[in-house]
Amino acid sequence: MTVTTDVPGTLPTPADEARLWALIEAAWAELGAEPLALRQALVERDPAGDDGDDGPPYAIEAWLDAFLDHLGQLTAELTGQELTDLDRVVERKLYDIDREDIHEVTDGSDDGFLYARGFIVALGRSYYEAVLADPAMALLDADCEGMCYFFAHLHNDRFGSWPETGSGISRESFGNRVGWSA
C-alpha cells in the first residue's frame, strides 16, 4: 500500500528503509524461534478472533526489552548520520500509521497511540504492512514506547545531540492530517 503525504520534507531512502527492516529482523532473529513464531502468528491471525488481554497475540510483549537490547547492540557502531537516517525511517513509519482507523483498534491517549504504533513498527515489516493494509490486525493497548524514539535516543546518547531528520513531520499522535477525518 502506498501512503501519500501532504507534508514536504526529506523522505527516507529505499536503502534506509531496507536497512531498518533488516536490523529489526536481525535483532528478533537473535532471540530464537519462540518470538519468531509469535510474530508470525500475529501476521497470520484472524483479527476477528478473541485475543483476550493476555492471549497469544500479547505474548510477544515479554520479548520487547530483549529485542530492543539486541537492536542497540546491532547499531552500536553506526555513525550519527546513519542513526539519523534510521530515525527518519521510524519517524515516517510512525507517521504513516497515524490514522484514525488504526487508532480505533489500538485505542490509547496521545502517548498511548504513539506507543501502539511503536509496537507495530517494532514487530517488523510483515506485521507493519499487515496493519497498514487492515487496521483490524493491530492489537488493543499493545505498546513499545522504546521503539518510538529509539534511534534518536541512541544518537543523543552517543553524540550529544538530537538528530535533525529534515522530514517536516512529527511522529507524535494525531499529526498526520491525511489519516484523520476533518
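This is a predicted model: local features need pLDDT of at least 70, side-chain atom pairs count only at pLDDT 80 or more; totals for chains, interfaces and linings use all residues.
Reader: What makes Phe174 partly exposed?
Author: The relative accessible area of Phe174 is 34%. Buried means under 20% and exposed means over 50%, so a value in between is called partly exposed. Phe174 therefore takes that label.

Reader: What is said of the phi of Phe174, and where does the residue lie?
Author: Phe174 is not a glycine, yet its phi is positive, about 70 degrees. Its place is in the segment after helix 9 (150-159).

Reader: Which phi does Asp141 have, and where is the residue?
Author: Asp141 has a positive phi of about 65 degrees, and it is not a glycine either. Asp141 sits in the loop between helix 7 (125-133) and helix 8 (145-148).

Reader: Which residues of helix 1 are buried, and what puts them on the same side?
Author: They are Asp16, Leu20, Trp21, Leu23, Ile24, Ala27 and Trp28. They cover an arc of only 155 degrees around the axis, which puts them on the same side of helix 1. The face turned away from that buried side carries exposed Pro14, Ala15 and Ala29.

Reader: Which residues of helix 2 are buried, and why are they said to line one face?
Author: Pro35, Leu38, Arg39 and Leu42 are buried. Seen down the axis, they fall within an arc of 95 degrees, so they line one face of helix 2. Their cover includes helix 1, helix 6 and helix 7. Exposed Ala33 and Glu44 are on the face turned away.

Reader: Which residues touch the most other members of the largest nonpolar core?
Author: Phe67, Phe119, Leu123, Tyr127, Met147 and Phe151, out of 46 residues. Helix 6 supplies the largest share of this core, seven residues.

Reader: What does Met147 touch?
Author: Leaving out residues up to four places away in sequence, its contacts include Ile24, Phe67, Leu71 and Val90.

How values were computed:
Residues are numbered from 1 along each chain as its sequence is written. Side-chain values use heavy atoms; hydrogens and water are left out. Helices (H or I, at least four residues) and strands (E, at least two) are DSSP runs, numbered from the N terminus. Buried means under 20% relative accessible area, exposed over 50%, partly exposed in between (1.4 Å probe, protein chains only). The arc is that of the directions from the helix axis to the C-beta atoms. A nonpolar core is a set of buried Ala, Val, Leu, Ile, Met, Phe, Trp, Tyr and Cys residues joined through side-chain atoms within 4.5 Å. Contact means heavy atoms within 4.5 Å.
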